[in-house]
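Keep the sequence and the 3D view open as you read.

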Amino acid sequence: MERLMILIGLIMIAAGVLPQAAEGGSGQRSNIIFMVPDGMGLAQVTAARIFRNGPDGPPLAMETLEVIGCQRTHSADSTVTDSAAAASAWAMGEKFNNGELSCHSGADPFCRNQLPTILEMAKARGKATGLVVTSQISDATPAAFAAHVRSRRCEAEIVRQYLEAAEVDVILGGGLGQRRDSCPDYPISFAWPDRQAALLRLARTKGYQTVAGKAALHATIREGKVKILGMFEQNRRDKGKTPEMFRVDASLGYPEDEPTLAEMTTAALTVLEKDADGFFLLVEGSRIDWSSHANDLRGQIAETLAFDEALKVVLGWVAAKPGRKETTLIIVAPDHETGGLAINGPDGRLAQAGEFIKEGWAGRGHSATDTIIRSQGPGSDQLGKAVDNTDIYRSWQTPLVFDAGKSTVFSGRRPLRHIDVSFVGIALGAIENGDMTDHSNHLRGGFLFE
Ligand SMILES: [Zn+2]
């Protein structure tokens, strides 16, 4: 009975706070394509461009975007941000502490009554949504847009929220993270013996087509599926995707049945463009950061070039039809720089195409420097100057960006939460406390104990 009351109450809450769906039809649809080269500073761009095109060669695709500005990156509690706080600042328009994902650490453990992220706002307005990354899909950058947890360690819970709460349409990346650290707010989900298998079962019950290879991804798109969960990885422990090292070393192969970042981006656009209300798509070159953490210049250049290929796909998609350029905001924004990369040399000579420039690293962590924002399309006029990372969220409030003529989209921003999050969160907490009398039946009937 108690469970029924909670359920009814939450349904009523949800019904009362959900914003109206987009009107559709009359307005011009708009799209946001937000692209994150994680950990990419300006030195990383220079090194990649010289390797690919030489010192006087053509620009990288990202260097062709029309509006250039820069952003402060600090988090609420640190001069040096992590990816969780930085992505939360973009997604929510306010500063967060390092480690937090669109939910402040002082909040209710299950993050009830949080304001919606930009992705959730887009969803509520009828737009399709997508997350495309080369890290594990549960990593901090995508998570901040489609989940609310107090700690980035809660990776199984993050993906559960993608599927049950945010209902992201297209999710493509590595597998599920295998962090050894505990997730204090969701101890049961942390303890699942096979969390990835459980989440795949959950995805299928929610109407997702689950895929693990490139051929299956293409087949799924040909069939016209609109909800896709793709976890691609080669059984590595970190569950990120295979590094795209073939971009700097032609002798190296890439797994035949694993899509590259550019291929995943093509796949996502093919699905999302079908939505008459437009879409929000996040694309992250996650491993630029990982390579820089390892002070691996070759890997960093390879991943930067892989990211640039994904941007070429996006620019090609925009150019393919009249009107897309005017209605699609593209932003390329690194969350922070990683490694403190400085480049010089080689020894008084002009470096040539194909050369790995001489490098020096300040460390193996993130650095505090501002990062460059490159953009084009509606709303980008607000980003051609020095801004804070929270200002990117504000650029999304432009009526033209979010939906032509709908200027009140953000003024009505109210809690959008989250019947599923609350219910399962409560249930998991009850089990942890030894109180399984009520919610255990629900859980036994669900995916946890299948
Ligand atoms: Zn990092």
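This is a predicted model: local features need pLDDT of at least 70, side-chain atom pairs count only at pLDDT 80 or more; totals for chains, interfaces and linings use all residues.

Residues are numbered from 1 along each chain as its sequence is written.

**Helix pair**
- Helices are DSSP runs (H or I, at least four residues), numbered from the N terminus.
- The axes of H2 (residues 42-53) and H12 (residues 297-319) come within 9 Å and cross at roughly 85°.
- That makes H2 roughly perpendicular to H12 (angles of 65 to 115 degrees count as such).
- In H2, the contact residues include Ala48 and Phe51, and those in H12 include Ile301 and Leu305.
- Contact means that C-beta atoms, placed from the backbone, lie within 7 Å.

**Nonpolar core**
- A nonpolar core is a set of buried Ala, Val, Leu, Ile, Met, Phe, Trp, Tyr and Cys residues joined through C-beta atoms within 7 Å.
- Buried means that 20 or more other C-beta atoms lie within 10 Å of the residue's own.
- The largest such core has 109 residues, and Ala268 and Ile331 touch the most other members.
- H12 gives the most to this core, with 11 residues.
- Leaving out residues up to four places away in sequence, Ala268 touches Gly130, Val132, Val170, Leu172 and Leu281.

**Covered helix**
- H3 (residues 83-92) has 10 of its 10 residues buried.
- Trp90 and Met92 are among them.
- The buried residues of H3 pack against H4 (118-124), H5 (140-146) and H14 (389-395).
- Glycine 93 follows H3, with a positive phi near 80°.

Notes. Axes are lines fitted to C-alpha atoms, for helices over the stretch in contact, and angles run from 0 to 180 degrees between N-to-C directions. Helices (H or I, at least four residues) and strands (E, at least two) are DSSP runs, numbered from the N terminus. Angles under 35 degrees count as roughly parallel, over 145 as roughly antiparallel, 65 to 115 as roughly perpendicular and the rest as oblique. Two residues are in contact if their C-beta atoms, placed from the backbone, lie within 7 Å. A residue is buried if 20 or more other C-beta atoms lie within 10 Å of its own, exposed if 12 or fewer, and partly exposed in between; C-beta atoms are placed from the backbone.
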